[in-house]
Amino acid sequence: MRSRISEFDLVMPESLDSAVAMLASGEGWRPIAGGTDLMVLLNAGKLPYKKLLTLRKLDELRQISVTNNAVHIGGAATYSHIQRHPVLEAEFPLLCQAARSTGGIANQNQGTLGGNIANASPAADSAPPLLVYHAQIHLVSNSGTRKVPYTEFHLGYKQLAMRADELIQEIELPRPVTTWRSYGRKVGTRRAQAISKVSFAAAARVEGGNVLDIRLALGSVAPVPLRCTATERFLLQTPVTQAAIAHACQTLESEIRPIDDIRSTAVYRSAVAKNILAEFLGTLG
Ligand SMILES: Cc1cc2nc3c(=O)[nH]c(=O)nc-3n(C[C@H](O)[C@H](O)[C@H](O)COP(=O)(O)OP(=O)(O)OC[C@H]3O[C@@H](n4cnc5c(N)ncnc54)[C@H](O)[C@@H]3O)c2cc1C
């Protein structure tokens, strides 16, 4: 049954300080950014929060800034903003590719990176690139700020290392990773506007046919977005031969934990994950 909009309170704080003060008040305020996840729940009558605090007026959360060492993406920066940013496009193409393939244009104009992370879905398209790029999540609350590596941010299915009184203030991507070869794929029911059955992001440094460094991350194959460290370890310092590719695929199969759900099956997800890994490794030789 659809929700009655009159049951909800909406506030629009003018400053970050007043936003985090309200979140700390214990009155049950819940942040809303683009609303592309929350409004679907609201429309379906399944939104458990009645007090929404919009980040709409917090301009500092919508900015993207660049320093020598990092790109800082505000928690409420939209996909449209991200995919048009020249430094992100040049240095973090996997994130821009994910931004371009998240929903449709309306979604990309409203949906935010912070919302995608905080929604905590293992199918979130931004997650594999953020793992590959060693993102750091900056959290802010009434009691100050703290930084959590994205690799430690997902604690379990829909569980994050973030308290209800905290906001994702920014996502920091260390620079530069330009000498790496990168590869991203999203597999869904359709080529566009589909939630991922499997998503894949990878980057590697290869010299003389040997893998010097490699980062592999997948979405929708475990309760959390997964960095595949066992497969990475096997590939390090290894010449990329057909035998090595076959062994890497077996290792990947043993470290992912796909399930059957409404979008796909564990068997299909496993087969696709291995095929994409083989496709990527085939480009490195
Ligand atoms: C038609 C459609 C297609 C979609 N397609 C895709 C897709 O292809 N890939 C994909 O990954 N997702 C997809 N989504 C899901 C959604 O668009 C994304 O997850 C989006 O990034 C959510 O961002 P938002 O700003 O709209 O979040 P909101 O709906 O505003 O919030 C989502 C959650 O994040 C919390 N939150 C928001 N901002 C912050 C913050 N700064 N700090 C702390 N908590 C915060 C909210 O409290 C809420 O729990 C789709 C959704 C729709 C409706």
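Two strands are taken to pair if DSSP finds at least two bridges between them, and strands themselves are DSSP runs (E, at least two residues), numbered like the helices (H or I, at least four residues) from the N terminus. The structure is a predicted model, in which local features need pLDDT of at least 70 and side-chain atom pairs count only at pLDDT 80 or more, whereas totals for chains, interfaces and linings use all residues. Residues are numbered from 1 along each chain as its sequence is written, and side-chain values use heavy atoms, with hydrogens and water left out.

On these terms, 3 strands form an open sheet with parallel pairing, in the order β1-β3-β2. Because β1 (9–11) and β2 stand at the edges, each with a single partner strand, one side of each is left without a neighbour in the sheet. Neighbouring strands of this sheet are turned by 30 degrees against each other on average, direction ignored, the axes being lines fitted to C-alpha atoms and the angles running from 0 to 180 degrees between N-to-C directions. Strand β3 (residues 51–54) and β2 are joined in the parallel sense over 4 bridges, and W29 has K51 in β3 as its bridge partner.

A further open sheet contains 4 strands, which pair antiparallel in the order β11-β12-β13-β14. Its edge strands, β11 (181–187) and β14 (226–227), each pair on one side only. Between β14 and the antiparallel strand β13 (residues 210–219) there are 2 bridges, with R227 in β14 standing opposite A217.

The ligand is surrounded by 30 residues, of which the closest are P31, T36, D37, Y79 and T112; a residue is assigned to this shell if one of its heavy atoms lies within 4 Å of the ligand. Polar contacts are pairs of N or O atoms within 3.5 Å. A polar side-chain atom of Y79 lies 2.5 Å from an oxygen atom of the ligand, and an N or O atom in the side chain of R30 is 2.8 Å from a ligand oxygen atom. A nitrogen atom of the ligand, in turn, lies 2.8 Å from a backbone N or O atom of I168. The protein buries 89% of the 990 Å² that the ligand exposes when taken alone, as calculated by the Shrake-Rupley method with a 1.4 Å probe. Two or more residues of the shell come from each of β2 (29–32), α2 (38–43), α7 (113–118) and β10 (167–174).

Across the whole structure, 14 salt bridges are found, each defined by a side-chain nitrogen of Lys or Arg within 4 Å of a carboxyl oxygen of Asp or Glu. One of them joins the side chains of E14 and K57 (3.3 Å, N to O). This pair links distant parts of the chain, 43 residues apart, with E14 in the loop between β1 and α1 (16–23) and K57 in the loop between β3 and β4 (64–66).

Key: A polar contact is a pair of N or O atoms within 3.5 Å; within protein, one must be able to donate a hydrogen and the other to accept it, and residues adjacent in sequence count only if both atoms are side-chain atoms.
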